[in-house]
Amino acid sequence: TMLPLLLLLLPAAHAIVELQYKPVLTQTPPLEGLITASTFVLDQPRCVFGGYENADIWLVVALDKAASTFNNTAGPGTPETAFQRFPDPVPAYMTLNATLANYPCPKPAGDITVLRVGSETSCAQDEARPTCNGPLPGPGPYRVKFLALEGSEPVAETAWSEPIMLRTAKSPSSISTADRGHSAGMIAITTILSILFAILLAGLVAMLVFWGSDSCGGSSTFSKPESVTVRRYNTHHVYDQPAARL
Amino acid sequence: MAKSDDCVHILQGLLVFGNVVIGMCGIALTAECIYFVSNPHGVYPLLKATENNDIYAAAWIGIFVGLALFALSILGIIGVIKASRTLLLVYIILMLITFAFEMASCITAATHRDSLTPSLFLKQMLERYQRSEPGNNSDNEITKTWDELMLQNHCCGVLGPSDWQEYTSAFRLTHNDADYPWPRKCCVLDAQGLPVNLDGCKLGVPGYYNSNGCYDAISGPVNTHAWGVAWFGFAILCWTFCVLLGTMFYWSGIEY
């Protein structure tokens, strides 16, 4: 009876616990830099790895198409999981080593608890640091999961995340600076001023054409101030002379 | 006779008053345009780099038009009082020429203002901010202007920090994306000019970076400049139109 019992226990000792947690991009607070061209931001796995105080919790980052073929027994810090050899020939790497003490449960309210994947630029080319959290080399898509190792034995893992696609930047020459049309103000100024100018030109032409003719004069004609004075002077003399003769 | 005399005097009075207003507006226009030309606002290097100086050309024309309006208004007052046909004819023709120039100035200012779209500034900023090729003075001016703009107005980019993420840029060539998702000037800085929380700024946590774009800060002074020239000129021209019509009517009624 001992043998079947031992046989039952052995597989259980080697099985990895599959936790019902899926790594997600941080939703609160809303972050402007959630996804950039070479980094993305995950929520920390708080209150997920309960009971694994002795385990090292690693983040596995893999190309989307290589996620299903990842071998949990691949050790971190080896050439098979080195960041510097990602994505070719290594399709997945392990980084961001932590223990349960780094992810205390429950999370204090108001704290921002995130993991920025891709933030370490100093070790990106350093082959002596295969667990570097270096900037991702392309737009992806990538999938991540957390893996808990005791010693070198994997004991627990989360589910793979949804595929994460990074940003691709466009070239600034694709920005079109063609005129988007004119504003209402500019059109109003142009039309009204053109009309006014046309009326004035027409008035000037009318003035010059009818120079001298009395057609617009008539009863509204008025005299210059000097000519009125001269006429009065003449009238005065005309009346004076007959009186002098008499 | 007396009635038409009264009408004549009223018309003369109105024309003199109209010309006085034109003279004063001419002085005001000259003063306003001298202010715009001699006191370029902080974003002038950005406008200069677009190689389209029409807004400044419009202000320069405004200076000379203002002086011409003042001189012609004096001529007009003399011509109306003396009821001299030649003087008034000269006045009308010269006023029409001035009208045409001022019309050109208003339309130029309004059209150039319309061409200063956010896309124009965005493209200029992406291509020239912190460009590392040596020897180009206007690139340094653009970089300095943008740094000051972002610092003083607590803004980032033209439409927002995402400008630096959506497009590649000269800045991106010398600053990698992981360390500099956007320039450091977009971070909330303390009194020494260092980011209050660099990680918060790189992540884009609200409160540690400037999330709004600088386009409003740019278009504000430019709008004041353009509409100051265009709409004030338009108002003067409308008034001048009325005075000129009255003068033409007065001229046709003078005996010679």
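Visitor: How is chain B divided?
Guide: Chain B has domain 1 (1-114 + 223-253) and domain 2 (118-214); the bounds come from an automatic or database domain assignment. This is a predicted model: local features need pLDDT of at least 70, side-chain atom pairs count only at pLDDT 80 or more, and totals for chains, interfaces and linings use all residues. Residues are numbered from 1 along each chain as its sequence is written, chains are lettered from A and ligands numbered from 1 in the order in which they are written, and side-chain values use heavy atoms, with hydrogens and water left out.

Visitor: What separates the centres of the two domains?
Guide: The centres of domain 1 and domain 2 of chain B are 44 Å apart, taken over C-alpha atoms. Seven residues of domain 1 of chain B are in contact (heavy atoms within 4.5 Å) with nine residues of domain 2 of chain B.

Visitor: How much area do they bury?
Guide: About 650 Å² between domain 1 and domain 2 of chain B, with 75% of it on carbon and sulfur atoms. Buried area is the accessible area (1.4 Å probe) that two parts lose on being put together, summed over both. On the domain 1 side, B:P45, B:L46 and B:A49 lose the most area to domain 2 of chain B, together 68% of what that side buries.

Visitor: Which classes of residue are on that side?
Guide: The side of domain 1 of chain B that touches domain 2 of chain B has five nonpolar, two polar and no charged residues. Here Ala, Val, Leu, Ile, Met, Phe, Trp, Tyr, Cys and Pro count as nonpolar, Asp, Glu, Lys and Arg as charged, and the others, Gly among them, as polar.

Visitor: New topic. How many helices and strands in chain B?
Guide: Ten helices and zero strands. Both are DSSP runs, numbered from the N terminus: helices are H or I with at least four residues, strands are E with at least two.

Visitor: Is chain B compact or spread out?
Guide: Chain B is more spread out than a compact globule, because its radius of gyration is 26 Å, well over the 18 Å that the globule rule gives for 256 residues. The radius is taken over C-alpha atoms, and the rule is 2.2 Å times the number of residues to the power 0.38.

Visitor: And how many residues of chain A are in contact with chain B?
Guide: 55 residues of chain A, in contact with 56 residues of chain B. The two chains bury about 5,100 Å² between them.

Visitor: Which element of chain A gives the most?
Guide: α2(A), with 16 residues on the side that touches chain B.
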